[in-house]
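Here are my notes on the model you sent. Please read them alongside the coordinates.

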Amino acid sequence: MTETAALPPPPLTTRPPIGLAALFGAFLHLGITSFGGGLSGWMHREFVGRRGWMSEADFLSGLAMAQAMPGVNVVNLALWIGFALRGSAGAVLAVTGVLAAPIVVIILIGVVYGRYGGLASVHAVLAGVTAAAVGLSLTLGWRAARRAARDLASLAILLATFAAVGVLRLPMLPVVAVLVPLSLIFAFRRGAR
Amino acid sequence: MRDNPLLALLVTFAPLSLASIGGGLSILSDIQHQSVDVHHWLTQAQFLDDFGISRAAPGPNTLIVTLIGWQVAGWAGAAVASIAIFVPSSVLVYGLARIWRRYRGAPWQAKIERGLAPIAAGLILAGGLNVLRTADGGWLAWAVAAVSTLALLRYQKLSPFVLLGMGALVFATANLLVLPA
């Protein structure tokens, strides 16, 4: 039980690698279809659920790293997944793929909105899409929470993070600055048992 | 430096890229302050419009920066603003991904991932809540989000498009009933 450190790293994969074109296409598709936000949730459905390119554990680890680093979470996550699947080329293609279409689309919407701006029905439709897309984020959050809450300490950290940022609306940076070291201490002490 | 709008976009947004820990929304108020108060690229009302667009449009909300760049200096502005906000942080994450691969399987790595997992989960759930709190539609937005969440958890094969369409329909209908033309 104490010998886990002696285990060799698991083999990377025995499946044939995913083609770069397929990888780029998958991210391009996600980028253009992710109306209303919730892009991490879309990625989970696509890469863990539909395509089976990653395990849930690998995805959620990547998600945690993407959140911890500076930058836009979903861009970080795309980079992390792209790198995990196909190295440096995969990372570049994932980020450009996931951003290319949305960059064009947001400008086109900006042009149209500038012309028909303030149209109440357009506004309502956008708000409705956004509200429904929150469901994607919450669904992923629920999965991540179920896996992350392994014991009382991690559950307490999870609830503290949620309460501080989501309920009390404290600024994220100080909250993270306090809770990340605390959570890491718990994680390392747990491992030392 | 202020004379060249492209340069101004670059030096405004590149530092924010590295400051955006916990996601793009954490720097939203800085983006607002810089574009509205400091550089006068937009009015407050224009910024709120842009924010609504960036939330409903595909892709991350942080593309509001791209939209602002476009409004300031056209396609070149959009390109420079996008590079400024996405490249610096991506270079850091890329470096970390390489380190992570090199030490793959190391016990400390699993522990760090385990330690970060509850924070990530808490932030995602909190992020959803914060979107709803500032969303238009009040209780209707909460109801749509709740139905959407439960449906996605219950029916894993269900396409999110069905739910996004439903959200649009519910809001458009409510809009017609409340504001008869």
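The points below cover the basis of the model, the core and the interface.

1. This is a predicted model, in which local features need pLDDT of at least 70 and side-chain atom pairs count only at pLDDT 80 or more, while totals for chains, interfaces and linings use all residues. Residues are numbered from 1 along each chain as its sequence is written, chains are lettered from A in the order in which they are written, and side-chain values use heavy atoms, with hydrogens and water left out.

2. The largest nonpolar core has 113 residues. Such a core is a set of buried (under 20% relative accessible area, 1.4 Å probe, protein chains only) Ala, Val, Leu, Ile, Met, Phe, Trp, Tyr and Cys residues joined through side-chain atoms within 4.5 Å.

3. A:Met43 is among the residues with the most contacts inside the core. Beyond four places in sequence, its contacts (heavy atoms within 4.5 Å) include A:Phe27, A:Phe59 and A:Ile81.

4. At the interface, 92 residues of chain A are in contact with 85 residues of chain B. H5(A) gives the most to chain A's side, with 26 residues.

5. The rule finds 0 salt bridges between chain A and chain B, taking a side-chain nitrogen of Lys or Arg within 4 Å of a carboxyl oxygen of Asp or Glu.

Technical notes: Buried < 20%, exposed > 50% of the residue type's maximum accessible area, 1.4 Å probe, protein only. Helix = DSSP H or I, 4+ residues; strand = E, 2+ residues; numbered from the N terminus.
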